[in-house]
Amino acid sequence: MNINATLIGQTLAFFLFVWFCMKFVWPPLMSAIEERQKRIADGLANADRAAKDLELAREKASDQLKDAKATANEIIESANKRKAQIIDEAKAEADAERAKIIAQGKAEIEAERNRVKEELRQQVSALALAGAEKIIERSIDEAAQSDIIAKLVAEI
């Protein structure tokens with residue numbers, strides 16, 4: 001019976017070991033395995049969600065880049081229009097200033113011409129009087145001379 005008692009003792013020890021493992025070792029082990037599986041599943045779901053978020057972010061960045069390029073083109077076009085407008089305004093202002101300077105020059109020339117004409121009239125009148133004095137060989141008084149010069153200037 002020694003062998004049977006040993007066999008029964010070993011069998012009983014084995015069942016006690018199995019019962020102990022099933023009662024105290026197996027539940028925490030299963031719980032850890034299930035928790036690990038859950039973490040892995042959550043990690044995979046998070047990875048899928050992150051991949052989708054990354055793709056959405058790329059699409060959004062691409063859209064924003066297109067919008068930024070369109071805005072930049074609009075700004076450049078607006079700047080070019082403003083540049084052309086400024087150039088046109090500067091040309092118009094320069095033309096107006098040129099016309100003003102030309103008009104001033106013409107006015108100055110006309111004023112100088114009139115002054116020279118008046119000077120020449122007075123010189124011609126003075127020469128005419130001097131010639132008349134020599135012709136009639138007498139001197140004309142100063143008041144009469146001024147009167148004659150004024151008449152000659154008006155006639156010339």
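A salt bridge is defined here as a side-chain nitrogen of Lys or Arg lying within 4 Å of a carboxyl oxygen of Asp or Glu. By this rule, 8 salt bridges were counted. The structure is a predicted model, in which local features need pLDDT of at least 70 and side-chain atom pairs count only at pLDDT 80 or more, while totals for chains, interfaces and linings use all residues. Residues are numbered from 1 along each chain as its sequence is written, and side-chain values use heavy atoms, with hydrogens and water left out.

The secondary structure of the chain comprises 2 helices and 0 strands; helices (H or I, at least four residues) and strands (E, at least two) are DSSP runs, numbered from the N terminus. Helix H1 covers residues 2–136. Of the 156 residues of the chain, 3% are classed as buried, where buried means under 20% relative accessible area, exposed means over 50%, and partly exposed lies in between (1.4 Å probe, protein chains only). The chain exposes about 13500 Å², of which carbon and sulfur atoms supply 62%; accessible areas come from the Shrake-Rupley method with a 1.4 Å probe, and for residues, only the protein chains shown count as cover.

The side chains of Glu35 and Arg39 form a salt bridge with an N to O distance of 3.1 Å. These two residues are 4 positions apart in helix H1, so about one helical turn separates Glu35 from Arg39. Glu35 is partly exposed, at a relative accessible area of 43%, whereas Arg39 is exposed, at 55%.

A further salt bridge joins the side chains of Lys81 and Glu77, with 3.5 Å from N to O. Lys81 and Glu77 are likewise placed 4 residues apart in helix H1, about one helical turn. Lys81 is exposed, with a relative accessible area of 55%, and Glu77 is partly exposed, with 47%.

In the salt bridge between Arg98 and Asp95, the N to O distance is 3.7 Å. Here the separation within helix H1 is 3 residues, which again places Arg98 and Asp95 about one helical turn apart. Asp95 counts as partly exposed, at 42% relative accessibility.

The UniProt record, in an unreviewed entry, places the feature "transmembrane region" at residues 6–26. UniProt positions are given in the numbering used here, feature names are shortened, and annotations may be inferred rather than shown by experiment. In the model, this span is 100% helix and 0% strand, and its end C-alpha atoms lie 27 Å apart.

Aromatic pairs were also examined. Rings of Phe, Tyr and Trp (its six-membered ring) pair if their centres lie within 6.5 Å; planes under 30 degrees apart count as stacked, over 60 as edge-to-face and the rest as tilted. A search of the whole structure finds 3 aromatic pairs. The ring centres of Phe20 and Phe24 are 5.3 Å apart and the ring planes stand at 45°, so this pair is tilted. Both residues belong to helix H1, where Phe20 and Phe24 are 4 residues apart, about one turn of the helix. Phe20 is partly exposed, with a relative accessible area of 42%, and Phe24 is partly exposed, with 46%. Together with Trp19, Phe20 and Phe24 form one aromatic cluster.
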